[in-house]
Amino acid sequence: MSLISPAVAQALDSWLSTQRIVQNIAVNTEKAYRRDVTEFLTFMAAHKGATQGLQSLSRITTTDMRSWMACCRNSGTGSRSLARKLSSVKNFYGWLAEREDFDPTHVLSVRSPRFERKLPRPLAEDAACSMIDVVSRQSETAWINARDTAIVTMLYACGLRISEVLAITRNDFPIPRVLNVRGKGGKERHVPVLKIARQAVEAYVQKCPFQLDLNDALFRGVRGGPLSARAIQKVMQQARLQLGLPASATPHAMRHSFATHLLTSGGDLRTIQELLGHASLSTTQTYTAIDTTHLKAVYDKAHPKSK
C-alpha cells in the first residue's frame, strides 16, 4: 500500500513541472526536491499512521514538523542538509497551499536550523599557477596534456564551473574574447576570456586527433567521446599530490581562486557576482570573509606592535 495518495503524488509532479518550466531548475535540483519532499511525505504517513492525502497535508501541525526534524537529526542529517530539506518542503507547501486554498503557516513558520556557511578554499596564486604547470605534464600523450592545460586554465582564468567548461562546443571555437556561458538553471552570463586561456584552447584544438561536428563537445576523452568531469578531477588529484596541496585543491577550487584573487586585487563584488553567475550577492560575499582573513594575517605579520 502506498503511503502517498495518488492526488499528492500528482501534486508533487505538477509542482516539479512548474519549477522546471518557470524557475528553470537544474536536473539535479529537481531530483533533490523530489527526494526531499517524498521523504517528508513518507515520514508523515508513518507518523500519522495513514496514507497522506491532500486534506491530511493541510492539517500538519508545528509539532508534526518538529517530529520530522527530530527524526532527521536522529538519522544523522546535519544542519546544512536539514535546512535544504526544509527549504524544499516549504517551497512545495507554499505552492500546494495556494493551489488547494489552505493555511500553510504551521509548515512555513518553522525555523531553519542554524549552520555555519563553509568558506570556499581557494589556492594561493602561486599554487594555482603551479597546478596548471604540473597538469600540463601529467600524460605521455601531447594532445591530452594540451587538453588538460586548456581546461584548468579556463577554470582559473574565467572562474567557470567544470560542467561549464565541458559544455563548450566546437561551435564556440575559436574562443571569443567574451564567452557566453549557460550556468546553473540555464542562466546565461558573459565571461571575459584572457588571451592565455584562448591560446591554451587553441593549442589543444590543433593537437586534438578527432574530427568534431559543430555541436560536439570540444573537449574529448581518450576514445573520442565527450570528456567526463571525473577525468579532470583525477588529473588534478595527481597534480596536487605532487605539489603537496590539500584535498581541497579540486577543479572547483580553481573557480574559488579566480574569485578570491580578483577580490584581493580590488575587484568589485557585484562584478565578481556577475562573472561567477551567482543568483544572490550573499553567495559571493563569502569571499569577503576569506579576504578579511588574509588581510588580518598580513596585518598581524607587518604591524610593529605584533613583533
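**Helix packing and nonpolar cores**

Helix α2 passes helix α4 in a right-handed crossing, a term for the near helix being turned clockwise from the far one by less than a right angle. The model is predicted, with local features needing pLDDT of at least 70 and side-chain atom pairs counting only at pLDDT 80 or more, while totals for chains, interfaces and linings use all residues. Residues are numbered from 1 along each chain as its sequence is written, and side-chain values use heavy atoms, without hydrogens and water.

Helices α2 (residues 27-48) and α4 (residues 62-74) pack with their axes 10 Å apart, at an angle of about 115 degrees. The helix α2 is therefore roughly perpendicular to α4 (65 to 115 degrees). In the contact (heavy atoms within 4.5 Å), F40, F43, M44, H47 and K48 of α2 meet D64, M65, S67, W68 and C71 of α4. Six of the residues in this contact are nonpolar, two are polar and two are charged.

A nonpolar core is a set of buried Ala, Val, Leu, Ile, Met, Phe, Trp, Tyr and Cys residues joined through side-chain atoms within 4.5 Å, where buried means under 20% relative accessible area with a 1.4 Å probe, protein chains only. The largest such core has 50 residues, of which I151, M154, F219 and M254 touch the most other members. Elements that each supply at least two residues of this core include α7 (125-135), α8 (142-158), β1 (178-182) and α12 (251-264). The greatest contribution, eleven residues, comes from α8.

Leaving aside residues up to four places away in sequence, M254 touches L123, A128, M131, I132, V152, L155, Y156 and M236. A second, separate core of 30 residues includes V8, L16, V37 and Y93.

Technical notes. Helix = DSSP H or I, 4+ residues; strand = E, 2+ residues; numbered from the N terminus. Axes fitted to C-alpha atoms, helices over the stretch in contact; angles between N-to-C directions. Parallel < 35°, antiparallel > 145°, perpendicular 65-115°, else oblique. Nonpolar A, V, L, I, M, F, W, Y, C, P; charged D, E, K, R; others polar.
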